[in-house]
Amino acid sequence: MPRKKVDAVDLEQAEEVPLQPRRSGRKRKSTNYAEPKAEEADWKASPEKKSMIKKPKTENDKATIAAPVHAAIVVDDASPPPPTRPKPKKRARKARDDEVEYDHHGNEIRKREYLSYPPDKFEGKLERALNETRIAVIDRERTDSDGVPRERFTMMGNCYKGYTVNIGLVPKCDCMDFLMRRNSCKHIIYVLYHVLNVAYDSEFLYQHAFTTDELHRLLNEQTLAPAAAPQDLTRDGKQKEVEGECSICYTEFEPAKDSTVHCKSQCGNNFHSDCMKLWIRAQTNQYGKATCPMCRAIWVH
Ligand SMILES: [Zn+2]
Ligand SMILES: [Zn+2]
Ligand SMILES: [Zn+2]
C-alpha cells in the first residue's frame, strides 16, 4: 500500500522533477512519461483512491512534497545499500552504589575516590553538624544486604523537616545539599559523629564511600544504643539526673542551659524539650500516639 502511494505522488511530480533513470534491477514498467497521465486519470476515476492523492495547492506545498519524493528515489536507486545497523555493544552493567565490586586482585573497590584530606567546605559542614544544630533521630533501621552492613536513619530538623540518611557503601541523604553536591551533607556528618561515635579527627567523617570492612567497624562496633543499657529498667517515673546524652539527638546534655523533660510514666530518663517535641510530632504522625524513646511506655506530658 505505501508503495502505491509513493507511486501516486511520484507520478504527479513526474512533470516537474525529472526522474533519474533507475539503476536497480527491480522490474518496472519502461519509463514512459506520457503514460502517467492515463494512469492518473484512472486513479481519479475511483473516488476512494482519489482521496489518497494529495494535490499540491500552492507552489510552497509542491516544494515540500517534491523534496522527500526525490530523496526517496535517490535512496532507492543510486545510494549504496543502507548500512546494516550496528549491533548495540554489550556494555558492562554499571554496578549499583550498594553492590560490592572487586578489582582483579580480589580487593574491594571503594565506590568513590579515597580522600586523603578533607574536601572544600568540609570544615563548615562539620561545624554546623557538631555545634549549630540538634537533629532528632526519629528512627533507625538496619538494612544489611549480601553481607554488607547498612543502616537507615530517619531524622527530623527544627522545622519538622524530615531527612533520611543511609549509611552504606556510599552514604546518602535526601536533603537538598546532598542532592546538589552528591557527596556529603551535615546530616551524614551528624549521624557519623553523634550517633555512630566517629572521632572528630577521623577521616571517616569526610569520605564519600566506605568499604565493607569500614562499615562493619562503623555500624557493628559502635557503642550500644542507650535504649539497650541496663540502667533504663527502673519503672518509677522519677526523674534521673540530667547527664550523658539525649537519646533523641545523641548530643550531650548541658544541664546549665538545656531545657529538658523526663519520662514520667516509667523510666525517668531525660530528653531535650525541643527534641521531645520533634519526637512526639513524628510518632503521632506515624502511630497516632507517642511513646518514650527509651522505655517505649506511652509518653505522659
Ligand atoms: Zn543531608
Ligand atoms: Zn536532644
Ligand atoms: Zn521512658
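Strands S2 (151-156) and S3 (162-167) pair in the antiparallel sense over 6 bridges. Strands are DSSP runs of E of at least two residues, helices are runs of H or I of at least four, and both are numbered from the N terminus; two strands count as paired if DSSP finds at least two bridges between them. The model is predicted, so local features need pLDDT of at least 70 and side-chain atom pairs count only at pLDDT 80 or more, while totals for chains, interfaces and linings use all residues. Residues are numbered from 1 along each chain as its sequence is written, with chains lettered from A and ligands numbered from 1 in the order in which they are written.

The protein has 9 helices and 6 strands. An open sheet of 4 strands is arranged in the order S1-S2-S3-S4, with antiparallel pairing. Because S1 and S4 stand at the edges with a single partner strand each, one side of each is left without a neighbour in the sheet. S1 pairs with S2 over 6 bridges, and S3 pairs with S4 over 2 bridges. Thr-154 of S2 stands opposite Asp-139, and its bridge partner in S3 is Thr-164. Asn-166 stands opposite Lys-172 in S4. The hairpin of S2 and S3 has 5 residues between the strands, and in it Tyr-160 takes a positive phi near 65 degrees.

Helix H7 lies across S1, S2, S3 and S4 and runs at about 65 degrees to S3. Angles run from 0 to 180 degrees between N-to-C directions, with axes fitted as lines to C-alpha atoms, for helices over the stretch in contact. Helix H9 also packs on the sheet, where it touches S1 and S2, and its direction makes about 55 degrees with that of S1. Contact between two residues requires their C-beta atoms, placed from the backbone, to lie within 7 Å.

Of the 10 residues of H7 (residues 186-195), 10 are buried, so the helix is largely enclosed by the rest of the structure. A residue is buried if 20 or more other C-beta atoms lie within 10 Å of its own, exposed if 12 or fewer, and partly exposed in between. The cover over the buried residues of H7 includes helix H5 (122-132) and strands S1, S2, S3 and S4. After H7 comes Asn-197, with a positive phi near 60 degrees. In the protein, buried residues make up 20% of the 301 residues.

The largest nonpolar core has 34 residues, of which Ala-136, Val-137, Met-155, Ile-248 and Cys-275 touch the most other members. Such a core is a set of buried Ala, Val, Leu, Ile, Met, Phe, Trp, Tyr and Cys residues joined through C-beta atoms within 7 Å. S1, S2, S3, H7 and H9 (273-287) each supply at least two residues of this core, and H7 gives the most, with 7 residues. Domain 2 (122-220) and domain 3 (226-287) both give residues to the core, so it lies between them; the domain bounds come from an automatic or database assignment. Leaving out residues up to four places away in sequence, Ala-136 touches Met-155, Met-156, Ile-248, Cys-249, Cys-275, Leu-278 and Trp-279. A second, separate core of 5 residues includes Cys-263, Cys-267, Cys-292 and Trp-299.

The unreviewed UniProt entry annotates residues 163-196 as "domain: SWIM-type". Over residues 163-196 the chain is 47% helix and 21% strand, and the end C-alpha atoms are 17 Å apart.

Note on methods. UniProt positions are given in the numbering used here, feature names are shortened, and annotations may be inferred rather than shown by experiment.
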